[in-house]
Amino acid sequence: MPIDRAETLRNAEKLIRQGKVDAAIAEYVRIVEDQPQDWAAKNTLGDLYGRAGQAEKAVQQFVEIANNLSDEGQMAKAGALYKKILKLKPDHEHSLLQVADVLAMQRLYADARAHLTALMDLRSARGDTRGALQAKVRIGSLDREDYQARLMAVGARIEMGDKGGALSDLKEIASELVDKGRSAEAVDALRQAAELNPDDEEIREKLYDVHFAAGDYVRARESAISLEQLRMIVTSQEAAGDADGALDTLRFAANSHPDEKGLRTDLARRFIARGDMSAAAEYLTAETAGDDPELLLLVADIKLRSESPEDAVAILRGLLDRDPGRREQIAILGWRIAELQAEAGFKVVELAADSSVAQSDFPAAAAALQEFVTRVPNHVPALMRLVEICVDGGLEATMYSAQAQLADAYIAAGSASEARFIAEDLVAREPWESANIERFRKALVMMGEPDPDALIASRLSGESPFTSTDLLSGASLFDEPSRPAPEPQPEIAMDDLLAAAEADAAPKQGPPPRRPWHLREDTQFTLSANAIDLESILGGFDDDVAASSPPATARASATTDDVEVDLSIVLEDIKPGSTTAPAGAQDEPPADLDGVFGNLRDQASRRSGLDEAEREYKRGLALRAAGDLDGCIAALEKASRAPKLRFGTSWLIARLYRDHDKLPQALEWLERAAQAPAPTSDESHQLLYELAEGLEKVGEVARALAICLELQADAGSYKDLDTRIDRLTRVQAGN
């Protein structure tokens, strides 16, 4: 049932004047309930609630009124009511927010900001972080000219996770700042946006434009999207005289566009021109290097330091094929790499050394390897190659040094037998060098020799010889069928021969006292060139040796094949024509020691010639193993000048020519071998058989038949000799 509004208002007024606030409130409640849109009654009711100390109810009434006014657009009246509310309840968040909006519309930004700040503090105090950030965003949106506050609002959006809203605000802020000429602030906003989304090309474009226009090329290249933009920066930097900056931009471009081959090549060349080789190497590949030797060397350096040494060696080999003069640079590269990776460095240095050898520059090849082993001591493959080159090039002094280093390397590696072989050779050559003796001692100890010092003393005293390699066998160097050893010829001791010469020349007297000495089987050897057995020479001459000595043409041979001495030559000098000496020969003065030593000096001279031939023979075998046919044959030809080596070397040369289809040269050397005495009849038969076979191949039937008949008379039915003779006979007869 509707109430009488006027009567109710009068009663309420009476109650208020009587101080009966609660009763008055009850009357106004009846009015408001009857007419909810009676804003005046609501306002009075709110005031009464306030006077009665019921702030919450008062605020409720005022909020309804203020919201209604705000909706109707009466912002000033609404703002007044919100302020009224805040007096009753200062922490009323809705009122704080609404008052701030009203104040912002009135451009009272400071007051609005104060209310929003109070709101933000309230929310933060109760732990409402998101609500506080929202208040912060509202603060930033109050004044569009306050870019600092707007950027703070962006930060609040980022904290809330509103990445899209933050990016949108930043782009808008940056555009406005650019329009206002505030480039630095615009860049800050754009950089912040780029950090939020690095792939946003719109942001990078804006950044590039701003930086480029401002001449900030360093930051412009960081924002560049295309290679063309980077080239524009390079052009501008070069025009400004900033060569270093232009190079840095090119480097940045090469890293950003790794597939641009031309760019990387251009960059590498620029660094090379500046002498910055390490920087140039960052952008080099074999493809970008092309045929440029300097770039190829850099590429090889890079690969050698990585896991592609074989690729590097292939590049360097190709470079040497085109320009052998680069071998010194390649050797230097190998030395540097060797200090980091020994095996990779050795491959490079060996490549340079081989190139020098190909040019017959043996000293340069040896020098390259010497420097390598100086930087990488005890590298056995390098030392072996160095020794080989020294032998091929006749670099004797360097070879001795290399052998000493190789012996040390074998000792360090625990290779006792190899170390002993070389150390013993070094001691035999230079027994006065204490270092050589120490190497020999270490090798003996490693091999388990119980008394190395006694063995060394025995070697040095000549009681047991230093061993050497049998150069004639060659079994380990080339494949030849094994041949039976020649039958040993009767041996005549040198003392007996000298005593015979002395006795034959001296007057007949009574037998002198006989010195009791005997040769044991284990001491019958040929002394090395560094040792002379004076006891055998001066120990005494027997009076009965002359009578029992063989003819002067007898030959004394050592039990080993290392050195062979034809003592008939010595005896011929001491006792010429002993078998046909005239009667007056007994009256000649006796031979003295000067004559004996003179003969020995002649003999030593002949032995040195044989030693030289043996070295050439060994060198020839080494060259054959290395595949150097021409060098091998040249060395063997020199060795064939020694009578002792003539048969074997001539036959070997013939076979080398035959294996390489050079039959005329092979026949020439077979004939030379046939003119030299063969060690055994079997070897003589085989050589004649090969000679006849070769002559038949070249059509010299008559000569081939003659040799076959000679061989048949000596060897009988040798191999298919009968069939061959029958065939050659028919051919010669014209059948």
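In this predicted model, the buried residues of helix α21 pack against α19 (293-305), α20 (309-322), α22 (342-358) and α23 (362-375). Those buried residues are R327, I330, A331, L333, G334, W335, I337 and A338. Helix α21 itself covers residues 327-338. Its 12 residues reach 16 Å from first C-alpha to last, close to the 16 Å expected at 1.5 Å a residue.

The protein as a whole has 39 helices and 0 strands. Buried residues account for 41% of its 735 residues. Of the contacts between residues at least 6 apart in sequence, 51% join residues at least 24 apart.

A search of the whole structure returned 5 aromatic pairs. The rings of Y208 and F212 are stacked, because their planes meet at 20°, under the 30 degrees cut-off. Their centres lie 5.5 Å apart. Both residues belong to helix α12 (residues 201-214), 4 residues apart, about one turn of the helix. Y208 is buried at 4% relative accessible area, whereas F212 is partly exposed at 25% relative accessibility. Ring pairs join Y208, F212 and Y217 into a cluster.

F346 and F372 form a tilted pair, 5.7 Å centre to centre, with 45° between the planes. This pair links distant parts of the chain. F346 lies in helix α22 and F372 in helix α23, 26 residues apart. F346 is buried at 8% relative accessibility; F372 is buried at 0%.

Charged side chains also sit over rings. The charged end of R672 lies over the ring of W669, 4.0 Å from its centre. K719 lies over the face of Y689, 5.1 Å from the ring centre.

Conventions
Residues are numbered from 1 along each chain as its sequence is written. This is a predicted model: local features need pLDDT of at least 70, side-chain atom pairs count only at pLDDT 80 or more; totals for chains, interfaces and linings use all residues. Side-chain values use heavy atoms; hydrogens and water are left out. Helices (H or I, at least four residues) and strands (E, at least two) are DSSP runs, numbered from the N terminus. The expected span of a helix is 1.5 Å times one less than its number of residues. Buried means under 20% relative accessible area, exposed over 50%, partly exposed in between (1.4 Å probe, protein chains only). Contact means heavy atoms within 4.5 Å. Rings of Phe, Tyr and Trp (its six-membered ring) pair if their centres lie within 6.5 Å; planes under 30 degrees apart count as stacked, over 60 as edge-to-face and the rest as tilted. A charge sits over a ring if NZ of Lys or CZ of Arg is within 6 Å of the ring centre and within 35 degrees of the ring normal.
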